[in-house]
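Hi everyone, thanks for coming.

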Amino acid sequence: MRFQQNEIYLKTMRNASTSGVDTISNLPCNVLDVILGCLPWKDAVKTSILSKDWKYKWVTRQELDFNDEFYKSFKQDEEAKRIIYQVLLVHKGPILKFRLRNFTSCPDIDHWMHFLSKKNVQEFTLIVRIGNKYHSPHHLFKFQQLRYLELQDCLFQPPLGFKGFEKLIKLDLMHVTFDSSILTNLISKSPLLEWLRLRSITNFDILEIDAANLKFLEFIGKTKSISFKNAPMLEKVTVGFLGRRLLTDISPVCSNFPKFFHYMPSLLELDICGTTLEYLIKGGLPENPPTALNNIRTLTISSMSLRDTEVVSSAVYLITSCPKLQDLTIEFYPVGDIVEPAVQLLRPQSSSYGAMKLLQKVQVNMFTGLEMEMEFMKFILASAPVLEEVSIWNFTRFLFRSCKQMIDEMKEFRRASANVEFKFEEIDMEGGYEHEEVMEVA
């Protein structure tokens, strides 16, 4: 689609340049910027042949994206570096977006950063090749107009006296190393921050989120403790703890549930994994659920093992503590044989008739048909009076019974909703759909 769009732009401009009317020169500047921004580098440079006015238009391009497609044009990094130098040397005007992907760590980046610090960059992406940790240069911290920052495989070390990015709205860090105090200061000194993603960054003993305007957070990594100290605008949270060792290093006196959901009155979407549930249940489950759960509409629990009864108990507690929950996604973690303790724990939950009053849609992934999974479905069906759709899928080779057998058994389950549409999907290992069966249960 992008290639076709580029061809249309070039064809349109060629036609305009030979039509006898200086259509190209009369195009608004913002249209010219959009056209140039959509074209790959080689095509953008080719626009110089369209007319005299277009001979140097490409040197004012406000978005410079040196991505994988750019590097494929060169056999060696030295050729690519030479072109980047040439582009920057002839460039005129501001550079609002600059992306440098899959480049090896080298002194050249420092030179380019120095040049960019004078160009009012608003969006900056730097992704070096894995295994080449790059020390972020001090010129980066001079980007006063920065609104979006993405770094990968970097050592993040702001200079003393760094006053933060006052206009930063979006921050995306992956495989970035820094002291925990640096992250805390970076967040606190970015008062407009709305979007924060932290993936496989430095291990933290304590991760506190204090960001008054934050609306989205994704954290995938290792930490002993996480809490939202001040996040009144936070709407979507994704948290996945990597590894279990760090989780067992701390024995809280009180429940981690209220500590995690300390202050998030605007939370609408929550996405957590099984190891996060292990963290939440430490210290026991509070008698009164945190108020942050009151407005959750969408809940996702991934890699949930039914082998651990505490995790199952935590999941049930969480699901039933979201009174406005409408959309639930569960991904089971394969555990093999039947786990009787989980079955015994889930069986009484099926009597909680109508507990999930607003739940409409349920997606269950990696469903094999084992007894403990069927008990979980009993609990869901008995608890959701307005449930409309249940979608279940797994790879064919992992199923313990056929779709028909599961359907026949679920027909006998007690259901709070009069009409539920079931969708069963079997998928082969290559990603093709081998079988899909849909039925309405009245």
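Let's start with the lining of the largest cavity, where β16 gives the largest share, three residues. Helices here are DSSP runs of H or I with at least four residues, strands are runs of E with at least two, and both are numbered from the N terminus. Before I go on: this is a predicted model, in which local features need pLDDT of at least 70, side-chain atom pairs count only at pLDDT 80 or more, and totals for chains, interfaces and linings use all residues. Residues are numbered from 1 along each chain as its sequence is written, and side-chain values use heavy atoms, with hydrogens and water left out.

Back to that cavity. On a 1 Å grid over the protein atoms alone, a cavity is a set of points where a 1.4 Å probe fits but cannot get out, while a pocket is an open set with protein on both sides within 12 Å along at least five of seven lines; lining residues have an atom within 4 Å of a point. Volume is the space filled by probe spheres set on the points, with grid points joined across faces, edges and corners.

Searching the whole structure turns up one cavity of 30 Å³ or more, and the largest cavity holds about 40 Å³. Its lining consists of Phe-367, Ile-392, Trp-393, Asn-394, Leu-399, Cys-403, Met-406, Phe-424 and Glu-425. At least two of the lining residues come from each of β16 (389–395), α14 (403–410) and β17 (420–427).

Next, the second largest pocket, with a volume of about 210 Å³. Two or more lining residues come from each of β11 (236–241), β12 (269–273), α10 (274–281) and β13 (298–305). There are 16 lining residues, and Gly-240, Cys-273, Gly-274, Ser-302 and Ser-303 lie nearest the centre. β11 has the largest share, with four residues.

Now, how do α10 and α11 (residues 309–320) pack? Their axes are 9 Å apart, at an angle of about 85°; axes are lines fitted to C-alpha atoms over the stretch in contact, and angles run from 0 to 180 degrees between N-to-C directions. So α10 is roughly perpendicular to α11, the term for 65 to 115 degrees.

Finally, confidence: mean pLDDT, the predictor's per-residue confidence from 0 to 100, is 80, and 77% of residues reach 70 or more. Residues 1–25 are below 50.

Key:
Parallel < 35°, antiparallel > 145°, perpendicular 65-115°, else oblique. Contact = heavy atoms within 4.5 Å.
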